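User: I would like to go through some of the labels used for this model and ask what stands behind each.

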Amino acid sequence: MDPVDAQYAAYPYPERDPADEAKRLITGSPSHPVEIDHFLFGGRRDWGQPFRALIAGGGTGDAAIMLAQLTASAGVPAEVVYLDRSPASRRIAEARAAARRLGNLRFETADLADAPGFGPFDYIDCCGVLHHLERPEEGLAALVEALSPEGGMGLMVYAPHGRAGVYEMQGLLRDLLEETADPAERLAVAESALADLPPTHPLARNPFVADHKAGAAGVYDLLLSGRDRAYEIDAFLALIEGAGLRLAGFVEPARYDPDAYLRDPALKARLAKASPAERALFAERFAGNFKTHVLYVAPAARGETRARPDKADAIPVLHSVERGALARSIAKTGRLRFSFDGLTIERAVDRGLSPLVERIDGRRSLSALQAGSGLDWFQFQAAFGRLYAPLDGFNALRFSGFAAQGRERERERERGRA
């Protein structure tokens with residue numbers, strides 16, 4: 001059996017209990033509809049139109065459940081196709097979908113190479129998969145074939161520097177378990193080694209990698225994976241470009257900006273001459289805490305797909321932040337602070353913009369916000385631009401009509417019940 005197949009047959013990852021669906025919806029990046037719209041459809045997708053999405057390598061279901069639930073709740077005519085080679089993982093994902101009574105989620109047990117047979121798709125999620133493939137370029141090519149020419153993807157792969165100690169430990173266990181194939185025996189040896197791990201080992205000194213502390217599946221996926229390659233950002237971008245894709249945007253682009261870490265103007269000037277990929281690579285190596293790369297891509301032929309902050313009918317949405325708390329923080333400190341695995345990045349923000357933050361409700365367009373601001377369009381654009389730039393860097397402000405359309409459909413349902 002392929003070592004990756006053996007791994008997920010024995011220990012589906014991540015560990016999930018379908019009973020927890022009654023208590024929470026796990027959300028994240030990529031594949032939130034607001035992000036999909038912002039990065040891949042200019043923030044202007046008509047969510048009243050059919051939407052087909054593929055979750056390629058669906059695992060125990062996090063991305064599939066999130067996307068299916070959010071589109072179902074918003075009344076979007078969506079079909080989400082879960083694709084994975086592991087029957088054990090699929091059973092968990094199916095039980096989670098059943099607990100939520102999701103009728104827009106379809107399950108397929110198949111290889112990534114089979115994806116074109118289920119397409120075309122408006123959107124493809126492929127997270128935590130490419131770095132486990134023997135030939136990732138072939139896997140990505142299959143996904144490109146399954147993608148609509150007007151679609152896009154959300155991708156995630158491991159990054160090396162924030163996973164300090166992981167690959168040293170993987171190599172140590174690989175040598176120790178060279179002739180041991182039984183997953184349970186391999187796990188027992190790994191757990192025993194972890195119990196005696198000296199505090200001087202890089203893994204013991206890395207407080208930001210914790211999968212091995214969260215159960216058997218976490219230990220196995222982190223340290224006993226049958227195949228695991230981490231990408232520095234330039235290598236990942238080269239893989240993407242080789243597949244005929246272009247970067248639509250990083251999630252949390254501020255992390256890839258050397259200016260987020262450097263104070264010396266001379267160093268900044270040196271890096272100003274570097275290419276975008278070189279600047280991103282410097283930031284990754286300098287910060288030293290990137291565990292993954294999460295980004296959106298689209299076919300190169302599509303050109304620019306990311307939303308722009310200069311369209312009057314664009315609807316800004318505060319994403320993963322609460323507007324009242326954000327407005328109060330800006331008014332009080334004039335700073336934005338976001339922390340990523342032990343590192344805090346700050347941006348200055350005009351305190352006078354806090355009332356504008358209060359009015360960003362996911363329903364009002366830029367023209368509606370401008371109409372209530374007392375500013376003409378050009379003054380408003382300048383003010384909004386000063387707010388958008390730092391919030392965009394932290395993935396905190398996006399453009400999408402998804403939330404507004406969802407609220408309108410909920411009102412229609414309420415009128416129908418009245």
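Analyst: Start with the second largest pocket, which holds about 430 Å³ of space. The model is a predicted one.

User: What makes a residue part of the lining of the second largest pocket, and how many residues line the pocket?

Analyst: A lining residue has an atom within 4 Å of a pocket point. The lining has 20 residues, and L237, L247, F250, P276 and A277 lie nearest the centre of the pocket.

User: Which element supplies the largest share of that lining?

Analyst: β6, with six residues. At least two residues each come from α9 (233-242), β6 (245-250) and α11 (276-287).

User: How do the lining residues of the second largest pocket divide into nonpolar, polar and charged?

Analyst: There are 13 nonpolar residues, six charged and one polar. Asp, Glu, Lys and Arg are what count as charged.

User: Now to S86. Where is S86 found?

Analyst: In the loop that runs between β2 (78-84) and α4 (87-100).

User: Why is S86 called buried?

Analyst: The cut-off for buried is under 20% relative accessible area. S86 has 7% relative accessibility, so S86 counts as buried.

User: What makes the pairing of the S86 side chain with the backbone oxygen of Y8 a polar contact?

Analyst: The limit is 3.5 Å between N or O atoms, with one able to donate a hydrogen and the other to accept it. A polar atom of the S86 side chain lies 3.4 Å from the backbone oxygen of Y8. For the backbone nitrogen of S89, the distance to a polar atom of that side chain is 3.0 Å.

User: Which residues does S86 touch, leaving out those up to four places away in sequence?

Analyst: Y8 and A9.

Methods
Residues numbered from 1 in each chain as written. Predicted model: local features only at pLDDT ≥ 70, side-chain atom pairs only at ≥ 80, totals over all residues. Heavy atoms only, no water. Helix = DSSP H or I, 4+ residues; strand = E, 2+ residues; numbered from the N terminus. Buried < 20%, exposed > 50% of the residue type's maximum accessible area, 1.4 Å probe, protein only. Contact = heavy atoms within 4.5 Å. 1 Å grid on protein atoms, 1.4 Å probe; cavity = no way out; pocket = protein on both sides within 12 Å on 5 of 7 lines; lining within 4 Å. Points joined across faces, edges and corners; volume = space filled by probe spheres on them.
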